[in-house]
Amino acid sequence: MALSQQRQEKTQQNFFLKNELTPQYAVANEVMQLFAPSNKLVSIEANMAVETDALVDSFLNTINTNSDIEFNSLIETFADSQVPTNPADYDSYLEYLANNVINHSIHTSSPRFIGHMTSALPCFVRPLAKLMTAMNQNVVKIETAKAFSPYERQALAMIHRLIYNFSDEFYSEHVQNSQSTLGILVSGGTAANIIALWCARNKSLGAKKSFPGVEKAGLAAALDYYGYQGAVVIGSELMHYSFEKAADLLGIGTHGLIKIPTNGNNQVDLSALRQAVADCQSKNLHIIAIAGVAGTTDSGNIDSLLDIADIAQAANVHFHVDAAWGGPLIFSEQHRQKLIGIERADSVTIDGHKQLYLPMGIGMVFMREPHLASSIEKNASYTMRKGSFDLGKRALEGSRPGMALFLHAGLHLIGLKGYEFLIDAGIEKTQYMADCVNNMPEFELLSEPDINLLLYRYIPESLRELAVKNQLTETDNQQINIFNERLQKSQRQAGRTFISRTTKTITCLEKEISVTALRAVIANPLTTKDDIDAVLNDQIHIALDLEISDC
């Protein structure tokens, strides 16, 4: 036994011998057991694992999407705010979890839960999650993540290469160069978009001559120095709401976020985009970035990235692509062409917890130019020193776990061809659902899918003939909106299947109106065509009950 371990155990023994008669002894003993080396806790931890695994298996094998408990009733279960005085035993706490949390949690892995990005996860995630938690690496700094830091950089470089496809020499130079940043791993697409715009702002309003730059002087001083009347970010009206957060945090305000109308295919109107750029230039407004969307959150449609790249280049403006949803199409030979132009983006956001089939908490932002992120670098004397390899010096977040473990594992255990299969299969099944909706009189397809998202709505029987003839009035559409909202809520409460809902703008009698849309996300590899049929049939049965109750 190592001398340090002998001393540690002797210290613990002396503590308990000295204090075993004190009131705190029992509590101290219980707590110290929670931190004892694993060889001392083999039977305890093994029993915990067996009991927990049984709950996991039961949860994952449930096909229903939800329990039928009313949410207000569930809230009452968690009303007590008192911290327990003494430690509870694991069995009792696990029983509490099972009865109050697990039994009423959403079965996101159910093949009939097709309303959000969350889905079944590959089997390697669960054991690796245990490993990651046990290792408890903090990837802010190499002193707490010696191997994880270059490991994370390698995983990010692999996806950077799929986006930009630079030369072998480029990656040899930059993958593990502490002065270069090809990508930053964050908690999600929101943080990724914020970082991209942060980099764009700081670079475009950086230090010059005696001016210290926006980072030190602030936005107002920077705009004044450079002779601008204000600052804006321009993008589609269907931009993710994280751009509003970014506009707020970067000091331009949400009024500085210029949202461009979209066409019938949910893509940004290029003529309107060009005009907006010209208008901003004529008003002497600084355009921090132009954002393209590769997979809108509502409908999954993809902007014409090549055209936007041309517009941004002509205006000498940072071009950012929010590809949180559609980015993984880079793995697919069949569908990659939908992203043509992404390789010209100055920055790109991709989410791992969407179509890369990784657990929640993995977002990424990639930089075309390896030194772009130096514009946001921060240092501290006790950590993240200048010139160090520490990943936290060029990131929004500080301390964070080694989530790169899942990304790196996915790239190897699923691989390029494995991801290609998953992407292609998801889009194929989405197209199958679109065909079903088109062929069923109860439904109306609202947009053709680009990826694995689909918008449609239910048409009550009394209005179907008018819908077919395209003669629905605004009042009719309002009635349909109310019905679809009720349908979606009833389906969610019943818990057999699940579809989310959103809104979409359509033209009704030459007037644009907002309609309530049912939103399907075919993100689960386990979802079959039979499951899709079951979801649609469940909606029809629920709708019939609602129509009967309205009579």
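**Close-up views of strands and loops in a predicted model**

**Figure 1. In β5, Phe-319 is the bridge partner of Ile-290.** The structure is a predicted model, in which local features need pLDDT of at least 70 and side-chain atom pairs count only at pLDDT 80 or more, while totals for chains, interfaces and linings use all residues. Residues are numbered from 1 along each chain as its sequence is written, and side-chain values use heavy atoms, with hydrogens and water left out. Strands β4 and β5 run parallel and are joined over five bridges (strands pair if DSSP finds at least two bridges between them; helices, H or I of at least four residues, and strands, E of at least two, are DSSP runs numbered from the N terminus).

**Figure 2. Strand β5, residues 318-322, is mostly covered.** Five of its five residues are buried (under 20% relative accessible area with a 1.4 Å probe and protein chains only; exposed is over 50%, partly exposed in between). His-318, His-320 and Asp-322 point to one side of β5, whereas Phe-319 and Val-321 point the other way. In a regular strand, side chains alternate between the two faces of the sheet.

**Figure 3. Asp-303 occupies the loop that links β4 (285-293) to α14 (305-315).** Its relative accessible area is 3%, so Asp-303 is buried. The C-alpha atoms of Asp-303 and Gly-292 are 6.2 Å apart, although eleven residues separate the two in sequence.

**Figure 4. Strand β7, residues 363-367, is mostly covered.** Five of its five residues are buried. Gly-363, Val-365 and Met-367 point one way from β7, and Met-364 and Phe-366 point the other way.

**Figure 5. Strand β7 pairs in the antiparallel sense with β1 and with β6.** The pairing of β7 with β1 (residues 183-186) extends over four bridges, and Val-186 stands opposite Gly-363 of β7. The pairing with β6 (residues 347-351) extends over five bridges, and in β7 the bridge partner of Thr-349 is Val-365. Gly-363 and Val-365 point one way from β7.

**Figure 6. Asp-89 lies in the loop between α4 (71-77) and α5 (90-100), and Tyr-93 lies in helix α5.** Asp-89 has a relative accessibility of 43% and therefore counts as partly exposed. Tyr-93 is likewise partly exposed, because its relative accessible area is 44%.
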